Amino acid sequence: MMWLKRSSVSRGQDLMAVLLVLMFTFQGVHCDLGISPPGPTLLNEKVGSNVTLAVSFSGASDPVVRWFMGSLPVVTWTIGSSTPPDIPSIHNEVLKIESNGSLTFVNVQLNYSNNYTIELTKAGLGTASSMFILKVYEYIQNVTISTSPDYAVEGAQNITLQYSTLQGAADQRTWYFNGAEVTTNSHYSIEQKSLVINRPNRNDTGRYTLVLTNPFSTVPTHTNVTVLYGPDEPLLEANPAQPFYVSGDSLSLSCQAEGFPQPAVAWTFGGQTLPDSRQGVLNLTDVQTSQGGVYTCILLNEKTKEKRQKDVTVYVYERPTGNPLCSVQSVKNNGLQYLCRWPGGTPEAQLSFPALSNTSSGAGDFTLTTIPSSDLNGETVICTADHPLQQNKCNITARSPVNFLPIARTTVDLDGKIVVTIHCNSEALPMAVVSWSKGSEVITNGTKYQISSDTTQLIIREFNISSSLLENYTCTCQNPLGSQRRDTRLLGPTISDSSLFPNQDGTIITLTWEVPPTSVVTGFDVQMKGPDILRDGHNASQSKGASKEFRSIQSKPGSARSADISVLDPKSTYRFRVIPSAGITVGAPSNAHRIGPGEGLSGPAIAGIAAGIPCSLLFLLLLIGLICLCVYCYKKKHRQTRYPMSRAVEKAVATQLDLTPHILLAGGLKPPPDYNRLHQASSERSVALPRFVPPPPVRFATTV
């Protein structure tokens with residue numbers, strides 16, 4: 001029997017060995033085959049040493065012995081046999097079996113740390129066994145502790161301190177934080193090769209120590225852990241502290257917060273970073289109204305990239321821009337909503353409608369809804385605007401829709417459809433909403449009818465003029481204060497008036513025309529009767545033939561109201577007219593307008609003149625006869641006795657009435673008067689018959 005020699009064995013291990021010997025001794029009393037280890041069954045050994053697992057047996061000679069490493073048999077041999085033991089080749093250099101069955105390890109390595117079991121077998125005597133525990137150690141060297149993550153953030157992920165060694169295993173591991181032993185609890189978790197700090201905080205920053213121990217060495221290792229935190233809630237201050245500032249004042253804003261590392265501070269205003277802040281202090285000098293608003297302090301932890309910000313509002317008083325603006329609009333067409341707006345200013349102006357409500361008001365943009373009534377129709381409502389720097393007001397007057405005239409317009413779309421647009425717009429405040437109907441049928445949006453978004457236009461689409469299109473359409477303009485209704489009867493293509501205006505030379509004419517407001521017209525055909533229009537460089541003699549029928553010379557869109565025609569022959573006669581159309585429907589032509597010297601008399605005109613000449617002559621003869629008869633009767637009725645006139649009277653009469661030169665005699669004397677002239681009829685005398693006796697005749701001579 002061989003005994004295991006050790007340098008040092010604990011008192012507890014010796015006691016265990018004695019108990020095992022006694023146990024197997026008492027078993028041997030009752031069993032024929034027994035085995036007992038004379039030494040300890042738990043062995044701690046260094047790498048490279050020689051170790052023997054010593055046993056002794058009794059009750060039989062030369063039994064069969066088997067050694068197991070865990071559950072794997074590594075040695076089989078019959079004690080006292082000359083046959084060599086059966087040892088696997090991979091263990092042949094390390095494992096040796098002694099003559100009494102003990103197992104020896106030569107230059108033992110770490111991989112032989114295991115549980116070993118010896119089993120003795122003898123035919124007819126049964127089996128006996130015993131177990132050993134072998135632990136092979138190295139000296140602990142080069143211990144390192146790693147921290148994951150590299151930067152621990154407060155309240156974020158857990159911190160794991162994990163150690164590793166170049167060689168040597170430890171039986172005991174102890175962690176310390178700032179000299180105090182760490183135990184497993186809700187904050188710390190000690191695992192096989194690590195220490196986990198759950199939800200670390202800034203108080204976990206400090207020095208951590210790990211002490212590793214095995215039977216042959218004790219090694220302490222240290223590491224420092226820093227928990228990053230912040231920025232905490234910022235502290236903002238304004239100096240001087242006051243509720244508002246006036247243009248031209250100066251102030252400073254400071255921003256501070258706790259954190260590790262110390263957070264960087266930046267100020268922003270209006271989305272722009274302000275460059276002139278130092279150590280969290282922003283100086284504002286000669287502040288203007290444009291600098292009033294929200295200033296934001298942004299604090300950044302440059303390690304963790306954690307960011308925190310806080311706002312402070314700087315108030316700078318400013319008068320609102322312009323003047324208050326008042327308006328009114330309808331609410332679901334059964335209510336009136338008055339609006340008052342005075343934008344800008346700090347603070348915003350307080351707005352109200354005292355005539356409508358004594359309790360309601362608003363700031364900057366105020367609305368008030370009320371039930372419409374006849375009292376509000378044409379009533380001016382005043383909005384009062386109060387601001388610390390100024391008081392102002394505005395007013396608005398709501399009115400029901402007024403009379404209006406519908407307007408119709410016709411176009412053609414890309415698909416060739418006739419598009420008729422009827423526009424109804426009545427001046428009203430709030431703006432009137434227009435409803436449409438055709439007869440008793442209410443018109444809604446569809447394929448044929450489309451109503452504009454503001455309801456003021458009805459759009460009708462048809463491929464051609466039909467009876468269903470040329471009907472009576474009704475538009476009703478309504479707001480909460482009243483309504484106006486108008487009917488529109490669409491007409492086919494019609495010309496209501498036309499005119500022709502030539503230039504001075506008669507070579508160019510402008511033809512104008514008008515259509516009724518509700519006429520559906522998509523185009524105009526300008527027609528001409530007469531010689532062909534001259535071309536540039538041609539004489540009138542080249543176009544002598546005149547056409548007796550109208551022919552089309554121009555086509556105009558439905559929006560046109562005039563056409564210029566050139567080059568005309570001023571010596572020729574032309575006639576022009578305009579024919580309206582709507583799609584394939586053609587309307588009645590306009591009056592024909594003539595230009596030129598004329599065409600002479602036609603055959604019927606000549607026949608009429610020939611028949612009229614004899615009748616005219618007969619009528620003239622009858623008229624002359626009637627006049628002569630009247631003169632004769634008049635003379636006969638007024639005939640009286642004629643008396644001779646004196647020479648003085650005759651001379652006076654002749655001097656006044658006979659202005660022709662006298663025929664002189666050869667002697668230079670005038671011939672004597674003809675007294676037979678005194679026998680003229682009374683109607684031919686220039687003066688009345690004298691009632692005195694005429695003087696005796698006297699002969700006069702006149703010298704010229």
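# Talking through a predicted model

Trainee: This is a predicted model, so let's start with strand 34 and strand 35: how many bridges join them?
Mentor: Look at residues 380-387 for strand 34 and residues 390-397 for strand 35. The two run antiparallel, and they make a hairpin with 2 residues between them. The number of bridges joining them is 8.

Trainee: Which residue stands opposite Asp386 in strand 35?
Mentor: Begin with another pairing of these strands, where Thr380 stands opposite Thr397. Now go to Asp386 and look across to strand 35. The residue facing Asp386 there is Gln391.

Trainee: Which strands stand at the edges of that open sheet?
Mentor: The sheet has 4 strands, in the order 32-31-34-35, with antiparallel pairing. A strand at the edge has a single partner strand, so one side is left without a neighbour in the sheet. That applies to strand 32 (362-363) and strand 35.

Trainee: Which residues do ring pairs link into a cluster?
Mentor: Look for rings whose centres lie within 6.5 Å, the cut-off for a pair. Ring pairs of that kind join three residues into a cluster: Phe105, Tyr112 and Tyr116.

Trainee: What ring does the charged end of Arg577 sit over?
Mentor: There is another arginine to look at too: Arg486 lies over the face of Phe404, at 5.7 Å from the ring centre. For Arg577, the charged end is 4.2 Å from the centre of the ring it covers. That ring belongs to Phe550.

Trainee: What accessible area does the nonpolar patch with Leu629 have together?
Mentor: Leu629 is in helix 2 (residues 603-637), and it is partly exposed at a relative accessible area of 49%. The patch on the surface also includes Ile609, Phe619 and Val631. Together its residues have about 940 Å².

Trainee: Now salt bridges. Which residue forms one with Lys122?
Mentor: A search of the whole structure finds 9 salt bridges. In this one the closest N and O atoms are 2.8 Å apart. It links Lys122 in strand 9 (residues 114-122) to a residue in the loop between strand 4 (56-58) and strand 5, 60 residues apart. Lys122 is partly exposed at 27% relative accessibility, and its partner is Asp62.

Trainee: How many residues apart in sequence are Glu233 and Lys310?
Mentor: These two form a salt bridge, with the closest N and O atoms 3.7 Å apart. Glu233 lies in the loop between strand 20 (227-228) and strand 21, while Lys310 lies in strand 28 (residues 307-314), so the bridge ties together parts separated in sequence by 77 residues.

Trainee: What is the relative accessible area of Asp365?
Mentor: Asp365 meets Arg341 in a salt bridge of 3.7 Å, N to O. Arg341 lies in strand 30 (residues 335-341) and Asp365 in strand 33 (residues 365-370), so the pair ties together parts 24 residues apart in sequence. Arg341 is partly exposed at 41%. Asp365 is partly exposed as well, with a value of 47%.

Trainee: What is phi of Arg199 near?
Mentor: Arg199 is found in the loop between strand 17 (194-197) and strand 18 (206-214). At a relative accessible area of 57%, Arg199 is exposed. Its phi is positive although the residue is other than glycine, and the value is near 45°.

How values were computed: Residues are numbered from 1 along each chain as its sequence is written. This is a predicted model: local features need pLDDT of at least 70, side-chain atom pairs count only at pLDDT 80 or more; totals for chains, interfaces and linings use all residues. Side-chain values use heavy atoms; hydrogens and water are left out. Two strands pair if DSSP finds at least two bridges between them. Rings of Phe, Tyr and Trp (its six-membered ring) pair if their centres lie within 6.5 Å; planes under 30 degrees apart count as stacked, over 60 as edge-to-face and the rest as tilted. A charge sits over a ring if NZ of Lys or CZ of Arg is within 6 Å of the ring centre and within 35 degrees of the ring normal. Patches are made of residues with over 30% relative accessible area and no salt bridge: like charges are joined within 9 Å, nonpolar side chains (Val, Leu, Ile, Met, Phe, Trp, Tyr) within 5 Å. Accessible areas come from the Shrake-Rupley method with a 1.4 Å probe; for residues, only the protein chains shown count as cover. A salt bridge is a side-chain nitrogen of Lys or Arg within 4 Å of a carboxyl oxygen of Asp or Glu. Buried means under 20% relative accessible area, exposed over 50%, partly exposed in between (1.4 Å probe, protein chains only).
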